[in-house]
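Please summarise the fold, the surface and the local features of the chain shown below. A short report with one table is enough.

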Amino acid sequence: VQLQASGGGLAQAGGSLRLSCVASGSVNAMLWYRQYPGKQREWVAVIIRGGSTNYADSVKGRFTISRDNAKNTVYLRMNSLKPEDTAVYYCNVNTSNSGSFWGRGTQVTVSS
């Protein structure tokens, strides 16, 4: 499975961005992670095929993960952005038979 992420960029604090990640095939769980410089990648949000979601406490109430199964696409709507949301964001998907796959990261920068 190949993944193509897009939507990163620069936003002001309090602003919004939407990330998208398209998978080349059908997948089960779709996740977003982020990574700060010199830190390990951390989990942000997950959505399973049926639509159930879960979020890291740091983004709960501000970020919304959604998916379009017909398009094999996952979205991350990020509202009320904070400077501490500045990171490289990665999408990750889990498949039934082929394991887990990572997309290339997309930079999100939030200015204060």
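## Report on the chain

From the N terminus on, the elements run β-β-β-β-β-β-β-β-β-β-β. That is 11 strands and zero helices, where helices (H or I, at least four residues) and strands (E, at least two) are DSSP runs numbered from the N terminus. The model is predicted: local features need pLDDT of at least 70, side-chain atom pairs count only at pLDDT 80 or more, and totals for chains, interfaces and linings use all residues. Residues are numbered from 1 along each chain as its sequence is written, and side-chain values use heavy atoms, with hydrogens and water left out.

The radius of gyration of the chain is 13 Å, which agrees with the value near 13 Å for a compact globule of 112 residues; it is taken over C-alpha atoms, and the globule rule is 2.2 Å times the number of residues to the power 0.38. Along the principal axes, the C-alpha atoms fill a box of roughly 45 × 25 × 20 Å. Of the contacts (heavy atoms within 4.5 Å) with a separation of 6 or more, 50% are accounted for by residues 24 or more positions apart.

The accessible surface comes to about 5,900 Å², and carbon and sulfur atoms hold 45% of that area; the areas come from the Shrake-Rupley method with a 1.4 Å probe. Buried residues make up 41% of the 112 residues. Buried means under 20% relative accessible area, exposed over 50%, and partly exposed in between (1.4 Å probe, protein chains only).

Two aromatic pairs are present in the structure. Rings of Phe, Tyr and Trp (its six-membered ring) pair if their centres lie within 6.5 Å; planes under 30 degrees apart count as stacked, over 60 as edge-to-face and the rest as tilted. Tyr-90 and Trp-102 form an edge-to-face pair, because their ring planes stand at 85° with the centres 6.5 Å apart. This pair links strand 9 (residues 87-94), which holds Tyr-90, to strand 10 (residues 100-102), which holds Trp-102, 12 residues apart. Together with Tyr-33, these two residues form one aromatic cluster.

Positive phi values occur at Asn-72, near 50°, and at Ser-80, about 50°, neither being a glycine. Asn-72 is placed in the loop between strand 7 (63-68) and strand 8 (73-78), whereas Ser-80 is in the loop between strand 8 and strand 9.

| Residue | Relative accessible area | Class |
|---|---|---|
| Tyr-90 | 14% | buried |
| Trp-102 | 40% | partly exposed |
| Asn-72 | 16% | buried |
| Ser-80 | 40% | partly exposed |
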